[in-house]
Structures are given as C-alpha cells and as structure tokens.
Amino acid sequence: MEGYLKKWVNLIYRWQNRYFIIHEDSLIYCQQQGAPKKGIVHLSICSIRAVPNDPLRIVINYGMNELHIRGQSVQEKEKWLDALLEAQQKVQMQSIRKPILNQNRYNPFHNLEGVPKIDLEKIHSSLTQIWVLQADLEAQISMTKGNQQLSKLLAEIKDQITDCAKSLDDEYNHMVILNEKLQEKVRDNNDQNPPDHEDLDDEIINDQFLSFKEDDDFDDFCSVIHGECYDERQIVKRMSVRQPSIGSKSVFQIMETLKTSIANKICNLILYIKNNVINNEAFKDMLLTFEEFRSQLPSFKDPNEKIRLFSVIKDMVGKDLSKITFPITFNEPLSLLQNLCEQFEYSELLDQANKQQDSCMRLAYVMIWAVSSLSSTIGRIKKPINPILGETFEYSNSKFRFIAEQVSHHPPISVGYADNQNFEVQTDNNMKTQFWGKSIEITPQGTQVVKLKQYNDKITFQRCKFAIKNLIIGQQYCDHFGEMTFKNETTGDFGILKLTERGWNGGGAFQVNGAIKDKQDQQIQIKGQWDSSISITYQNQTKLIWKKNDLPVKYEYQYCFTNFAIQLNHLNQQLLKQLPSSDSRLRPDQRALENSNIEFATIEKTRLEQKQRNARKELQEKHLEYIPSSKVIIGS
C-alpha cells in the first residue's frame with residue numbers, strides 16, 4: 001500500500017505531505033513520490049496506535065522516536081491503520097515459524113570455508129530490548145515523584161546499551177572477515193569486474209540499522225515549555241541519535257557514541273522533570289510562527305451556541321458563585337489576567353490625559369478611558385478562565401507594558417500593573433459574584449489607581465457593576481450600570497459617571513452621563529454610549545474624545561473578541577523563549593479551548609484545578625501563605 005499522508009514535522013513546519021509505502025515489514029516515506037527515501041520504520045519493533053481525540057491521526061512509536069501521520073479522512077486513516085497492523089502481524093507470524101533473518105540471504109558466501117555466521121537475529125533482539133526498555137523509561141517518567149526509580153532504570157538501560165554495543169561490534173568483525181573473503185575470491189578468479197562492495201554493505205548493514213538513522217525533519221526545531229502547575233508527564237522531544245558513517249568507524253565506536261549520547265540525554269531527562277518540561281497535546285496542534293500579531297483565532301466557534309448557565313447554578317440563588325466549578329464550555333479562551341489587560345486597549349486616552357494642562361480635562365480623559373474598555377464585552381457572555389494561584393500574564397507593545405498575577409485563590413483576586421512614559425496604573429479584579437435567579441451580578445470591590453507622570457496626579461476610582469441577564473429565557477446579554485466615582489487625590493478634582501441600566505424593552509442601553517467639578521465649581525459634562533463613542537462638553541464646546549475600534553472580520557465566530565483581545569493569547573516563537581512558565585498563554589486547557597479541542601480542554605481543566613486544590617491543602621497544613629512574586633504588588 002502506498003500514497004500521500006500528512007506527517008508531523010515540528011512546531012514550525014507542522015503537518016507536511018509525505019509519500020508513504022508499506023513494503024513487507026517496513027514503512028518507508030519520502031518527500032514525494034519517486035524521491036529518495038527520507039526514513040524507514042521497521043514494523044516488527046514498533047507500536048502502532050490511534051489517537052482518541054484526533055480521529056485522523058496514527059502514532060507509530062519505534063523506540064527513540066514517534067512518527068505522527070494523518071489521513072485526509074477517517075476512512076483513509078482507518079485504511080492505513082488496518083494495513084499497518086496487518087503488515088506488522090504478518091511479520092510477527094513469520095518470526096514464529098522461522099528465524100527472524102535468513103542467514104543465507106544476507107550471507108551469499110555461507111559455503112566459503114572460514115566464513116563465520118552473521119547472527120543478525122541477535123542484533124535484532126538486542127535492539128528490541130532497548131526499545132522496550134526505553135518505553136518503560138518514559139512510562140516511569142510520567143509517574144515518578146522522585147529520582148530513585150529513574151536512576152535505577154537509567155543504570156539498567158546503560159548496561160543494556162553496552163551489551164548491545166559489544167554484540168554489534170562482534171557482528172561487525174564478522175562482516176569484515178566476510179568482506180576479506182569476498183576480495184580473496186575475486187582475486188583468485190582474476191575477475192576484471194569486481195562486485196560493488198557498497199551495494200553489499202548497503203544490503204547487509206544499512207537495511208538492518210536504518211532505524212538508527214535520524215529523520216532530518218526532527219532536527220529543525222525543538223521547543224521546551226516549563227510549567228510548575230502544568231503536566232510533566234510528556235517530554236518535549238524524544239531522544240534521538242544519528243548514525244555515523246559505517247565506512248569510517250567500527251560499529252563498536254558507533255555504539256560507544258550512541259551509548260554516551262543516550263546516557264547523557266537520559267540524565268538530562270531528570271533535569272527536564274525538575275523543570276517540568278512538557279509536550280502537551282494542547283500545544284501540538286497550534287501553529288507557532290514568528291508573527292508578532294495575528295488577525296484571527298486559530299479555530300472558530302458556533303455563534304449560535306446556547307449557554308445553559310441556569311442548569312448549573314439554579315440552586316445558588318443569592319449565593320457567591322466564585323467557588324463554583326463551571327464546565328470549560330462556559331469559558332472563553334482568555335484568563336481573568338488577560339481580561340484585566342483588555343482595559344488598556346485604548347491606552348492612548350491616558351497618554352492624552354497626561355498632556356492636558358487643565359486638571360479637570362486630565363480627569364475627564366481618565367474617566368472616559370475607564371469606561372472605554374466596556375465596549376469589548378458586548379456579545380461576550382462566557383466567563384474568562386479563573387487563573388491558578390501564582391499564574392501570571394505579561395504583555396507589551398509600542399504603547400504600554402503590562403503584568404498581572406493571581407495572588408489569591410479564595411477569594412479569587414488578580415492584580416495588574418501597567419505603565420509607559422506617561423502613566424502608571426494599578427488595577428485588580430477583586431469582585432463579588434451573585435446569582436439572582438434571572439441574572440448574574442458582579443460587584444467590583446477594589447480601588448483602581450491611575451498616576452499621570454507629568455503633573456504627578458493620582459486618580460482613584462471604583463468600577464461599575466456588571467451583569468449577565470436573561471439566563472432563563474430570552475437573548476442573553478451583558479450590561480454595565482451604576483455609579484463610578486473618581487477623585488484626583490493631588491488636585492482635589494472630583495467626578496461621577498452614571499451608567500444607565502438597560503430596561504426591559506432596551507431603553508437606556510449603553511447610556512453614560514457624567515460631570516466633573518474642581519475647587520472653583522468648574523464643570524465638564526461627559527455624555528455618550530459606552531458601546532460606541534463618548535464626548536465632553538466644556539465652555540459650550542463639544543468634543544468627541546473616544547470612538548470604538550472596528551471589530552475583526554467574523555468576530556461573532558471568535559467569542560466576539562476585539563482585535564486587541566485576539567492578540568492576548570497569541571504565542572509565537574519569540575514569546576515561547578521569553579515567557580515564564582506561569583504565563584497564561586502556556587495553560588494547556590486554555591490553549592486547547594482556543595483550538596476547539598473541548599474534550600482535552602475539559603481533562604486539563606479538571607487536572608489543573610485538582611492540582612491547585614492539593615497545593616492549597618498543602619499550604620494550609622503547613623500554615624503557610626502564598627507570597628506574590630511579581631512587581632504588580634508595587635504601590636498596593
């Protein structure tokens with residue numbers, strides 16, 4: 001059987017077309033039909049399995065490496081899987097009836113006197129033991145809590161490789177004798193056209209040890225993702241070795257190099273485990289490029305999906321919802337830390353505020369900035385993912401830099417800090433969440449602080465209430481309402497914004513009205529709609545201060561995210577090298593949700609939440625408190 005399949009190369013090149021051929025006991029693949037072969041897998045010494053959460057994928061484990069291939073359809077994948085298993089079963093049945101290798105076939109001069117037998121069966125058996133032992137090693141890595149079992153297994157595999165090296169060296173010496181006998185026979189017969197020794201060597205040696213040959217595709221890229229709260233069960237890159245030229249070194253020299261290389265890499269696995277290196281399934285299906293920005297999410301969602309919140313929280317009327325665990329389908333693929341950063345989509349308003357000479361005008365710009373980010377919540381009825389204690393998020397662009405950290409588990413509190421040459425902002429999402437039957441109401445508890453650097457203004461305010469309505473019947477929507485009070489602690493200026501709650505027939509929706517007074521009772525009027533635009537009126541002159549940015553194409557298929565929100569979970573190769581292990585962009589459940597891998601996202605969310613509960617219990621038993629690690633606590 002032969003044909004084109006998709007082969008996983010790496011996080012840069014991802015899935016590439018390769019031409020595969022099942023030939024006797026081997027799976028051979030090349031760049032394209034008719035091209036030289038790029039790799040070969042001996043089916044007799046590998047495991048073949050399907051992937052439950054990817055109906056198109058087949059995984060072939062052949063010891064030191066894994067080969068991931070995909071069909072164009074489920075039918076094609078099943079056809080190849082059946083063919084591979086059938087070929088594997090066939091060769092295994094043959095090995096029962098007769099020796100694995102036909103000595104006469106690979107030793108055409110078996111009848112020459114003095115030529116020893118080439119026991120390639122012994123080599124085959126040794127290699128198989130190595131592959132099995134290495135598989136055991138990976139299984140132990142996924143379960144071990146310390147290094148004792150790993151060290152024992154490491155010593156065992158080193159001894160096994162040494163024995164294999166000696167066996168291979170003996171067989172190589174036999175091959176040298178065979179080659180010498182061949183040359184003697186050629187000279188004795190005065191043959192003018194001696195046989196091609198390279199062809200013979202290729203037949204005897206290279207065909208048998210091609211499993212050692214490393215596919216060049218795997219050399220292109222290796223990514224490492226660290227994460228104390230994430231999964232250390234899987235290793236980013238499998239151990240791999242390259243076979244030096246047979247003509248330049250003896251097999252024993254080759255295997256000595258192999259033994260040292262593998263031993264060093266196994267030792268490095270201990271370090272990987274200490275650093276919690278992962279190769280999580282959530283990251284395997286993502287496109288990792290050098291692009292600094294992206295125009296859309298990697299996967300679209302159904303805009304008509306119904307969120308049945310009431311079925312989960314129907315028994316929680318009047319109670320705090322912060323301790324309820326919601327299904328992953330109720331979440332959007334952003335964390336609360338990233339949600340904090342969304343406040344700064346219109347950070348240029350703070351830059352403009354810093355340039356105003358009039359203190360009331362500075363306060364007016366800050367007030368409008370404070371409600372501008374509310375426009376990003378339109379259509380978004382799914383809740384952000386609760387961060388794990390100690391989880392962080394960092395973001396920077398040409399306008400500002402931002403950092404946030406989850407500093408409390410119960411009650412859940414996130415704090416954030418942003419700055420540039422014009423301003424500093426300290427923010428948090430400390431809030432109280434309650435269920436009132438037909439709606440969920442969120443009341444912010446903390447105080448936000450804005451510092452304008454040119455005039456050393458310190459402006460404090462509290463955010464308005466937020467609610468998700470029509471949980472039982474009707475079109476669900478979010479609404480912001482209530483009073484927001486602002487005060488410039490430096491100048492004494494005071495301002496109030498009133499956001500009108502939407503009526504049952506839509507009356508008053510999005511309305512914002514406000515006023516600012518200074519010590520001389522000078523007033524500035526603020527009026528507009530927080531979903532579109534806001535203006536100020538000062539000395540009988542009206543000026544448009546803020547207008548909502550355009551939404552991305554097909555935004556309704558992307559959780560109604562703005563262009564700015566789409567960037568917040570973007571992960572490129574540069575960020576992968578720079579981000580700390582605690583960053584929200586490295587959360588596997590959030591990444592899987594963004595890729596619409598709901599089943600795996602659910603599994604990872606459950607695992608991470610349980611891991612957090614265990615960590616919290618351990619802190620309580622030791623009478624310890626979590627200490628925030630980032631600069632977000634500065635000034636708080």
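**Cavity, sheet and salt bridges**

Modeller: Gladly, and let's begin with the lining of the largest cavity, which by class has 23 nonpolar, 12 polar and 7 charged residues. Here Ala, Val, Leu, Ile, Met, Phe, Trp, Tyr, Cys and Pro count as nonpolar, Asp, Glu, Lys and Arg as charged, and the others, Gly among them, as polar. This is a predicted model: local features need pLDDT of at least 70, side-chain atom pairs count only at pLDDT 80 or more, and totals for chains, interfaces and linings use all residues. Residues are numbered from 1 along each chain as its sequence is written, and side-chain values use heavy atoms, with hydrogens and water left out.

Colleague: Thanks! What volume does the largest cavity have?

Modeller: A cavity is a set of points on a 1 Å grid over the protein atoms alone where a 1.4 Å probe fits but cannot get out, and lining residues have an atom within 4 Å of a point. Grid points are joined across faces, edges and corners, and the volume is the space filled by probe spheres set on the points. The structure holds 6 cavities of 30 Å³ or more. For the largest cavity, the volume is about 920 Å³.

Colleague: And which of the residues that line the largest cavity are the closest to its centre?

Modeller: The elements that give two or more residues to the lining of the largest cavity include helix H9 (336–341), strand E11 (383–385), strand E16 (431–435) and strand E20 (465–469). Helices (H or I, at least four residues) and strands (E, at least two) are DSSP runs, numbered from the N terminus. Of the 42 lining residues, the closest to the centre are Leu336, Asn339, Pro384, Met431 and Phe466.

Colleague: On to the sheet: in what order do its 7 strands run?

Modeller: Strands of a sheet pair through backbone hydrogen bonds, either parallel or antiparallel. Two strands count as paired if DSSP finds at least two bridges between them. Strand E1 (residues 2–8) and E2 are joined by 7 antiparallel bridges, while E2 (residues 15–23) and E3 pair in the antiparallel sense over 5 bridges. The sheet is open, its pairing is antiparallel, and the order is E4-E3-E2-E1-E7-E6-E5.

Colleague: Which strands stand at the edges?

Modeller: An edge strand has a single partner strand, so one side of each is left without a neighbour in the sheet. E4 (residues 37–42), for instance, is joined to E3 by 5 antiparallel bridges. The strands at the edges are E4 and strand E5 (47–51).

Colleague: How many of the 5 residues of strand E3 are buried?

Modeller: Buried means under 20% relative accessible area, exposed over 50%, and partly exposed in between (1.4 Å probe, protein chains only). Ser26, Ile28 and Cys30 point one way from E3 and Leu27 and Tyr29 the other way, and all are buried. Strand E3 (residues 26–30) is therefore largely enclosed by the rest of the structure, the buried count being 5 of the 5.

Colleague: Which residue takes a positive phi in the hairpin of E3 and E4?

Modeller: In the hairpin of E2 and E3, which has 2 residues between the strands, glutamate 24 takes a positive phi near 55 degrees. The hairpin of E3 and E4 has 6 residues between the strands, and there the positive phi, near 90 degrees, belongs to glycine 34.

Colleague: Now the charged pairs: how many salt bridges does the count come to?

Modeller: Side chains of opposite charge can pair when their charged atoms come close. The rule is a side-chain nitrogen of Lys or Arg within 4 Å of a carboxyl oxygen of Asp or Glu. Arginine 57 and aspartate 54 meet this way (3.2 Å, N to O), and both are buried. The count comes to 20 salt bridges.

Colleague: How many residues apart in sequence are the parts that glutamate 348 and lysine 399 tie together?

Modeller: The closest N and O atoms of this salt bridge are 3.4 Å apart. Glutamate 348 lies in helix H10 (residues 348–355) and lysine 399 in the loop between strand E12 (392–396) and strand E13 (401–408), so the parts tied together are apart in sequence by 51 residues.

Colleague: Last one: which helix holds both glutamate 594 and arginine 591?

Modeller: Their side chains meet in a salt bridge (3.0 Å, N to O), and both residues are buried. Glutamate 594 and arginine 591 lie 3 residues apart, about one turn of the helix, in H14 (residues 588–594).

Note on methods
1 Å grid on protein atoms, 1.4 Å probe; cavity = no way out; pocket = protein on both sides within 12 Å on 5 of 7 lines; lining within 4 Å.
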